[in-house]
Amino acid sequence: MTYLQRSISGFINLWPAILNELRSLAHPGPRMIDEFECVISVLLAIVFAHVLGAQNVGWAAFSGYMVMRSHVSESLMRGTLRLVGTAAGAGVALLLAPFILFSPAAMSSALAIFGGFTLYFALVGRRSYAWLFTGLTFCMILIEGMKHPGQSVVPFAQSRLLEIVAGTVACILVSAASTFLIRRRLKPQGRETAAQTAVRNSTLWHTGAARHSVEGAIALASIPWIWAWFGITSLAQSSVTIMAVMMIPVASLGADPLNPVTSKLALRFVGCSVGGLLAIAILLGSHHSPLLMTLGVCLGVLVGRHIENGNAATSYIGTQFVLAFLVVLVPDSYSNAVVDPGVDRLAGILLGIVILEPVLILSHFVLGRNSGKVASPNEAGEKPTPPRNEPTE
C-alpha cells in the first residue's frame with residue numbers, strides 16, 4: 001500500500017469517531033464543565049478585547065479558549081508562557097523590522113533563522129509553549145509589516161499583545177472561579193504524573209528535531225517571496241499553520257516524520273474548513289445581529305471543545321474547528337460585522353498547508369522515506385483534555 005493510500009485510508013477511518021462524538025453532545029457527562037468554562041472564557045475575552053481596543057478580536061477569543069485547563073494553576077502557567085513568548089517575539093520583531101522589511105531576501109533569512117531556532121526549542125525545550133509563541137509572534141509581526149513597509153509595526157505588535165492579554169486574563173478568571181467554586185466540590189479527576197508529562201528531550205541536541213526545524217524554516221522562508229510574486233495578503237496566518245502543525249512529539253521525529261505532520265495538516269484542513277464554512281453561514285444568516293452571532297459563538301465553542309475532549313484520534317479537528325470558527329465569526333467591530341476579514345484569515349490558515357506540504361514531501365523523497373504506518377492524530381501530538389500537554393494551536 002502506497003503512502004497516499006495509507007493516508008486516505010487512515011483519514012476515512014476517522015469519520016465514524018467524529019460522528020460518534022457529535023451524537024454524544026446530548027450526554028456530555030463530566031466534559032460539560034470544561035466546555036462551559038471555555039464558552040464563558042471566550043465571551044469574556046471578546047468583551048476584554050473590545051475594551052482594550054485589540055484589532056483582531058477573534059484571536060483574543062481563541063486565546064481565551066486555548067489557555068483553559070482543568071485547574072487554575074495549569075491555566076495560569078499556560079497563560080504566563082503564552083504572554084512571555086508573545087512579548088519576547090514582539091520585542092525581537094520590533095528590533096529587526098526597520099532593517100529587513102524592505103528586502104525579501106532579508107525577510108526570508110530572518111523568518112528562516114529565527115523561526116527555525118524557536119521551532120527547534122519548542123520541540124526539545126522545557127518551556128515549549130513559550131518558545132512556540134516567541135516564533136509565532138515574531139513571524140506574524142514581520143509578515144504584517146512586510147505588507148506595509150512604510151509603516152511602523154508597533155500598532156500590530158501592540159494589538160497582538162492586547163489580544164493575548166485579553167484572552168489570557170479572561171481564561172484565568174474563569175478558571176479560578178470554576179476551580180474554587182465548582183471543581184473542588186466534585187470528585188477529583190486523574191492527574192498525570194511528572195513521569196507521564198515529561199515528554200521533552202532530556203538533551204539540547206536532537207537530530208530529528210533539527211531536521212524538522214529546517215523543514216519548517218524553509219517553508220517560512222518562502223513566505224516573503226510568495227508575497228513579492230503573488231501579493232497574497234493573509235500570509236501571517238500561514239506562518240501560524242506552519243509552526244503549529246510542525247509541533248509533534250520528539251519521539252515521532254525519527255528518520256521521516258512526514259506521516260504525523262501530514263496527518264495534522266489534513267485534520268487542520270478539515271477542522272478549519274468546516275468551522276470556517278459554518279461561521280460564514282451563521283454570520284450571513286444572523287444578518288449581523290450581535291445576539292445571534294453571540295449565540296453562534298457559544299454553540300461553536302461547545303461543539304468544538306466537545307470533539308476536542310473526546311476521542312484522541314479526532315481531538316485536533318475540534319481545536320481547528322474552533323480556531324476557524326472564531327476568527328471568521330467574531331467581528332473586530334459589531335457595528336461593521338462583515339465576512340471578508342474572517343475569510344481572509346481563514347484563507348491564510350489554509351494556505352499554510354499549501355506552503356508546507358511540498359517542503360515535507362520533497363524532504364521525504366530526497367532525504368529518506370520509511371514504510372511505517374500513517375500515524376494517528378494522537379500519535380501526531382494531540383491528546384484530549386483535560387489535561388493536555390502538547391503546546392499546539
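## Nonpolar core

The largest nonpolar core has 104 residues, and Ile223, Leu326 and Leu356 have the most contacts inside it. Helix α7 (residues 128-147) gives the largest share of this core, 12 residues. A nonpolar core here is a set of buried Ala, Val, Leu, Ile, Met, Phe, Trp, Tyr and Cys residues joined through side-chain atoms within 4.5 Å. Buried means under 20% relative accessible area, exposed over 50%, and partly exposed in between (1.4 Å probe, protein chains only). Helices (H or I, at least four residues) and strands (E, at least two) are DSSP runs, numbered from the N terminus.

The model is predicted: local features need pLDDT of at least 70, side-chain atom pairs count only at pLDDT 80 or more, and totals for chains, interfaces and linings use all residues. Residues are numbered from 1 along each chain as its sequence is written, and side-chain values use heavy atoms, with hydrogens and water left out.

Not counting residues up to four places away in sequence, Ile223 touches Leu111, Ile143, Met146, Leu235, Ser239, Ile242 and Ile355; contact means heavy atoms within 4.5 Å. In soluble globular proteins, nonpolar side chains tend to be buried together.

## Nonpolar surface patch

Leu52, Val165, Val169 and Leu173 make a nonpolar surface patch of about 290 Å². Patches are made of residues with over 30% relative accessible area and no salt bridge, with like charges joined within 9 Å and nonpolar side chains (Val, Leu, Ile, Met, Phe, Trp, Tyr) within 5 Å. Accessible areas come from the Shrake-Rupley method with a 1.4 Å probe; for residues, only the protein chains shown count as cover.

Helix α8 (residues 154-181) supplies the largest share of the patch, 3 residues. Leu173 is found in helix α8 and is partly exposed, with a relative accessible area of 47%.

## Salt bridges

The structure holds 7 salt bridges, each a side-chain nitrogen of Lys or Arg within 4 Å of a carboxyl oxygen of Asp or Glu. One of them joins the side chains of Arg183 and Glu37 (2.9 Å, N to O). Arg183 lies in the loop between α8 and α9 (194-197) and Glu37 in helix α3 (residues 31-52), so the pair ties together parts that are 146 residues apart in sequence. Arg183 is buried at 17% relative accessible area, and Glu37 is buried at 5%.

Within helix α8, Arg160 forms a salt bridge with Glu163, with the closest N and O atoms 3.6 Å apart. The two residues are 3 apart in the helix, about one helical turn. Arg160 is buried, with a relative accessible area of 4%, as is Glu163, with 1%.

Asp332 and Arg345 also form a salt bridge, their closest N and O atoms being 2.6 Å apart. Asp332 lies in the loop between α15 (315-329) and α16 (340-367), and Arg345 in helix α16, so the pair ties together parts 13 residues apart in sequence. Asp332 is partly exposed, at 28% relative accessible area, whereas Arg345 counts as buried at 10%. Salt bridges that share partners join Asp34, Arg305 and Glu308 into one network.

The 15 residues of α15 should span 21 Å at 1.5 Å a residue, which agrees with the 21 Å between its end C-alpha atoms. The expected span is 1.5 Å times one less than the number of residues. In α15, 15 of the 15 residues are buried, so this helix is largely enclosed by the rest of the structure.

Helix α6 (residues 104-124) has 21 residues and reaches 30 Å from its first C-alpha to its last, close to the expected 30 Å. Of its 21 residues, 15 are buried, so α6 is largely enclosed by the rest of the structure.
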